[in-house]
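Dear colleague,

I am handing over the structure below, and I would ask you to look through it before reading the notes that follow.

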Amino acid sequence: MIRCATPLLPALLLLNAGAEPPTRGIDIELIAESRSIQPGKPFTLGLAIHHHEGFHTYWQNPGIVGVPTAIEWDMPDGFQTGPIQWPTPGKVDMSGHPAHGYERDVLLMVEVTPPESLDAESCTFRASASWMACAASCHPGSTTLSTTLPVENDASGDDAEDPRFEVARSELPKPLANWKGTWQSDPSGTGVTIHLQPPSGEKPIESAYFFSSDGQISSDQPQTLTLTRDGGLSLAMKRCEFSPDPQKVLPGVFQLQDKDGSVMVGSIDLKMAETPSPSKP
């Protein structure tokens, strides 16, 4: 049996009890989607970030500048946490340096799985968060936040009320239906080309951008779009100078805009194509 904490007054439930020092450029809080915990049933916590005007924080791979927001958890015994579920990023600018991050309000969600049995009336969850908030200058910040939830065996009446979780889920990158893609490096290993084939009937794409999630392509690399005769797209770019060793996968998020200005954002399962051999003299 796992004991989380001694009983607390109901008025303390869902309270952000961390002693939070002043922050520069953002407001931040730890929130829970559920009003209670059931043994063995996963639930979601979220780090909610409100950006002050002109400020931004950074995505999991910021690019040429920036530091991604990080969360270090202090969980009761037996609780397991998943990775941060990163919403689709946008392009941000740090003193002329292009990067990947967020200027809008954003919620970084994490799924938490309780143990199968809980001998407690409530559990407290603590998150040590760190970030870099930038505008004309950058301001690193950190704080410890907490929230407390009661333990209940009956989940009835536990519907979420905070709309930020629904918004956050709508902002998670999703597979672009029926799109196909391949990618390859050039013989030197310094260039990368992505080939995309849209589904039949898709409106012509006029702009495309690839957010590289593992650092193979940095935020300062130009990306050149070419339309192919078969209706496909070719997106050429340079590999980042500080790229990890050559990979067999190229993870990331695409932002595609058609001729009418409609924007599609999501992932495409890119298959690795054979790298062409160097031309013989």
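A salt bridge here is a side-chain nitrogen of Lys or Arg within 4 Å of a carboxyl oxygen of Asp or Glu. By that rule, Glu29, Asp162 and Arg164 are linked in a network of salt bridges.

Before going further, please keep in mind that this is a predicted model, in which local features need pLDDT of at least 70 and side-chain atom pairs count only at pLDDT 80 or more, while totals for chains, interfaces and linings use all residues. Residues are numbered from 1 along each chain as its sequence is written, and side-chain values use heavy atoms, with hydrogens and water left out.

Salt bridges

Side chains of opposite charge can pair when their charged atoms come close. The structure holds seven salt bridges, and one of them joins lysine 203 to aspartate 260, with 2.8 Å from N to O. This pair links distant parts of the chain, 57 residues apart: lysine 203 lies in the loop between strand E12 (191-197) and strand E13 (205-212), and aspartate 260 lies in the loop between strand E16 (252-258) and strand E17 (263-266). Strands (E, at least two residues) are DSSP runs, numbered from the N terminus.

Aspartate 260 also forms a salt bridge with lysine 259, where the closest N and O atoms are 3.5 Å apart. For accessibility, buried means under 20% relative accessible area, exposed means over 50%, and partly exposed is in between, using a 1.4 Å probe and protein chains only. Lysine 203 is partly exposed because its relative accessible area is 40%; aspartate 260, at 46%, also counts as partly exposed, and lysine 259 is partly exposed with a value of 46%.

A further salt bridge is formed by lysine 271 and aspartate 269, whose closest N and O atoms are 3.0 Å apart. Aspartate 269 has a relative accessibility of 54%, so this residue counts as exposed.

Cysteines

Turning to the cysteines, the structure holds one disulfide, a term used for a pair of cysteine sulfur atoms within 2.5 Å. The disulfide is formed by cysteine 134 and cysteine 138, with their sulfur atoms 1.9 Å apart. The torsion about the S-S bond of these two residues is about 110°, and the disulfide is therefore right-handed.

Cysteine 240 is buried, with a relative accessible area of 13%.

With kind regards

Definitions and conventions:
Helix = DSSP H or I, 4+ residues; strand = E, 2+ residues; numbered from the N terminus.
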